[in-house]
Structures are given as structure tokens and as C-alpha cells.
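Trainee: Please take me through this model, one region at a time.

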Amino acid sequence: MSGLPVRRHHALLLLWTVLWFLIVEPSGGVSWHYLRQGEQLLFASGEGGGLSLYAHHPELQIGPVSLAAARLFAPFSDRVGQVLAEGTMSALGLVMLVLVGRTAAWYYRGTGTNHRRLQQRILIAGLAFIPMWVEVSVRFGHLDDVLALFFTTLAVQALVRNKPAGVGIFLALAVDSKPWAISFLPLVFALPRPVWLRTFAWFSGLVAIAWLPFYLGNLGSLAAAKFTIPNQPASSLRWLGVSDPATPWWDRPAQFAVGLGLGTLAVRRGRWPAVVLLGANARILLDPSVYTYYTASILLGTLLWDAVGQRRLVPWWSWIALASLYGGTLLIPSDSARGLVRLAFVVISTAYVLLWPTKQQRRGRPGSADSGRGGRGGGGRRGRGRAAVPAQRSDDRPLAATPG
């Protein structure tokens with residue numbers, strides 16, 4: 001089926017998504033009313049709406065791009081609009097799987113990559129990814145998180161294809177959808193150094209266009225940054241000794257700082273595919289809440305690492321994340337034990353992607369002169385003139401096939 005527009009692994013993932021959608025949808029849309037309320041206020045002219053939205057409703061921790069996107073479902077009744085939104089968000093998860101597969105194929109072009117094995121890897125990782133994607137897109141209906149992760153996936157593809165403007169634009173749209181996506185900004189440093197300034201200019205400009213009108217229109221919008229939520233007993237914060245009943249004042253800045261710092265370190269070590277996982281790890285490490293939809297960002301991070309950061313057939317980290325973070329929520333009765341599992345996953349996965357030797361790691365930045373060449377992370381030779389094919393493992397033999 002390699003010559004068909006929809007390949008076998010795509011069809012299987014579609015069926016898997018439909019199955020989970022049908023299981024979850026009857027109890028779905030837990031938070032969709034926030035999106036409906038927010039888009040109505042954004043386009044309202046009365047007091048408390050428009051540019052005063054965040055000043056009067058700091059609980060709406062939703063970016064303006066997400067609220068504008070929610071407007072697309074406003075013409076429908078509440079129930080119909082909700083189901084259409086859930087279906088659209090579920091479909092975006094499938095699109096992201098296709099994008100990650102094609103990104104990995106593009107990244108490893110010229111290395112003799114076995115694309116059939118890559119498709120199998122995407123299928124196996126996708127089977128873990130979809131249940132958590134349905135959690136964020138259907139059960140909770142968090143359009144803001146969905147768009148933040150979707151735009152981040154587009155930014156990763158633009159990075160691999162050496163499109164600096166695209167990286168800046170898509171990362172900005174991710175932050176304009178949900179502010180915590182700022183943790184993925186170190187992806188810019190994986191580009192060649194000469195284009196950093198242009199990329200940051202695109203990013204900064206679009207973020208300013210989206211957010212500054214609210215702060216200039218009503219200085220009370222700054223209150224949104226101080227909004228707190230309860231510090232739940234199952235949070236990792238409890239194991240870090242933070243017993244405050246609500247979000248500590250330093251917590252959100254610390255999340256961003258840790259995510260940005262770890263992501264930058266990953267790029268410096270030549271492991272930029274780990275940036276999304278590390279940013280998501282910082283979020284669940286320091287967030288006082290433990291909502292299951294948080295795990296969707298982790299699963300996107302493990303998907304990128306399993307598909308692009310390494311070349312093993314079995315995407316172990318995707319399934320480890322699903323089993324420990326989602327399975328632990330369902331099967332471990334103790335709040336304290338669930339918090340310990342979350343903390344252990346963050347520490348172990350972070351240490352692994354940053355420190356563990358990986359023979360399949362390539363040298364060079366995406367789009368740089370040596371980024372399509374052989375060269376293994378352990379100091380292998382770089383190809384000259386044409387791409388050198390690195391030593392292949394038995395599960396990654398070259399095979400002529402269409403990527404994706």
C-alpha cells in the first residue's frame with residue numbers, strides 16, 4: 001500500500017482513533033464550556049469582554065488564537081458545536097502522527113533508513129499516543145492545548161526542512177494558543193546560528209500582536225498571570241516538599257525556566273528532538289494539578305523522541321509514558337504513590353534523553369551542511385560530497401519506500 005495516499009498504518013490509526021472517540025465522547029467536553037464562554041467574551045462589546053477579557057476572567061487561561069478558533073463552532077448549537085470540535089481536534093491528532101512520520105523520514109533522508117520500519121514505529125507509538133490525544137481533545141475538549149501541540153508539531157517539521165520563518169511563526173501560534181508552549185522555544189537554537197535572529201523576530205512579533213492589545217487595553221490583564229489552582233495531593237510538587245494549598249507565586253516562572261533550560265541543554269548536546277518532551281516534563285513536574293490531559297504533551301514529546309531522536313523499532317518511551325502516567329492514574333489508588341510515579345518518570349526520562357548514549361544520534365543541525373549526512377553521535381565520520389550511510393542495525397535495513 002506504499003503507493004496509496006492513505007497507507008495501512010494510517011488506516012489502522014484512523015480506526016483506533018474512531019474507537020477511542022466513540023468510547024470517550026459520551027462523557028466528553030468537560031471543559032468545552034470555557035472555550036465557548038471565552039470566545040463569546042472575546043467578541044463581545046460589553047464590560048468584561050473584548051480586550052478586558054483576561055482582566056475580568058483570569059480563570060480563562062486560554063490564548064486568543066484558541067478563542068478565535070473556537071468561534072468557528074459558534075454558529076452551531078452547544079451540543080453539535082461540541083461534537084464537531086471534538087471530531088476536529090481528534091482528526092488533528094491523526095494529522096500530527098502523519099507529520100511526525102514525514103518529519104522523521106525527511107530528517108533521515110540519505111541515510112538508508114528503512115521507511116517500512118519507520119511506518120511500523122509510527123504505528124506502534126501512535127497506538128499509545130491516540131488514547132491520550134482523545135483525553136485532551138474529546139474528554140476535556142481543550143482546544144487550546146490541542147492547538148499548542150499541533151502548531152509545535154508544525155514547527156518541528158519546519159525545523160527539519162530548514163524553514164526558519166516557519167519555525168518562528170508556528171512556535172508563536174503555539175504560545176498564542178496556550179502560554180505554556182513557550183517551553184518549546186529552544187527548538188529555534190537547533191537551526192543554523194545565522195537565522196536565529198530572523199526566527200526570533202517572527203516569533204516575538206506574532207506573540208506581541210496576539211497578546212499586547214489585551215495588556216495595553218486593560219492593565220488589569222496582568223492579573224491573569226497570578227491565577228492559582230489547588231495543589232493536589234498527587235502532584236509532583238508534594239514530593240518536592242511544596243505543601244502550599246495553591247499555586248506558589250514562583251511556580252509558573254519556574255516551569256518556564258526549567259523547560260527552557262532543559263530544552264537548550266538538549267540542543268547543545270545535539271538532542272533537539274527531546275525539546276518537546278523536556279518542556280512537557282517541566283510542566284508536569286512543577287504543576288500543582290494532575291489532569292490527565294497534561295499527559296498528551298508528554299506523549300507528543302515521546303513520539304518525537306521515538307521517531308526522530310532514535311531509531312529503534314519499538315518506541316519504548318511512548319508506551320512507558322502511557323503506562324506510568326495514564327495507567328498509574330487509573331490503577332494506583334494512593335495520591336502520594338501517583339505523585340511519586342510522575343516524579344520518577346520526569347527524572348528518568350529527562351536523564352535518559354540528555355545523558356544516555358545513543359548510537360543512532362546524528363551530528364549537525366537540521367538544515368545545516370552536515371545535517372543530512374551520516375555521522376553518528378558517538379563521533380562517527382561525516383560524509384563528504386554525498387550523504388554517507390551510517391552502520392545499520394538489523395531492524396533498520398535500507399528499504400526503498402515512500403516516507404510517511
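Trainee: Which exposed residues sit on the face of helix 11 turned away from its buried side?

Mentor: That face carries P253 and R268. Exposed means over 50% relative accessible area, buried under 20%, and partly exposed in between, with a 1.4 Å probe and protein chains only. Helices are DSSP runs of H or I with at least four residues, strands are runs of E with at least two, and both are numbered from the N terminus.

Trainee: What kind of model is this, and what should I know about the values?

Mentor: The model is predicted: local features need pLDDT of at least 70 and side-chain atom pairs count only at pLDDT 80 or more, while totals for chains, interfaces and linings use all residues. Residues are numbered from 1 along each chain as its sequence is written, and side-chain values use heavy atoms, leaving out hydrogens and water.

Trainee: Back to helix 11, then. Which of its residues are buried?

Mentor: D251, Q255, G259, G263, A266 and V267 are the buried ones. They cover an arc of only 140° around the axis, so they lie on the same side of helix 11. The arc is taken over the directions from the helix axis to the C-beta atoms.

Trainee: Why would residues spaced like that point the same way?

Mentor: An α-helix has 3.6 residues a turn, so residues three or four places apart point the same way.

Trainee: What covers that side?

Mentor: The cover for the buried residues of helix 11 includes helix 10 (236–239), helix 12 (275–286) and helix 15 (335–355). Contact here means heavy atoms within 4.5 Å.

Trainee: And what comes just after helix 11?

Mentor: G270 is found there, with a positive phi of about 75°.

Trainee: Changing topic: where is Q82, and is it buried or exposed?

Mentor: Q82 belongs to helix 5 (residues 78–107). Its relative accessible area is 13%, so Q82 is buried. Setting aside neighbours within four places in sequence, Q82 is in contact with E25, G28, G29 and W32.

Trainee: What about L14?

Mentor: L14 lies in helix 1 (residues 8–24) and counts as partly exposed because its relative accessibility is 43%.

Trainee: Last one: how many helices and strands are there, and how much of the chain is buried?

Mentor: The chain has 15 helices and 0 strands, and 55% of its 404 residues count as buried. Among contacts between residues at least 6 apart in sequence, 75% join residues at least 24 apart.
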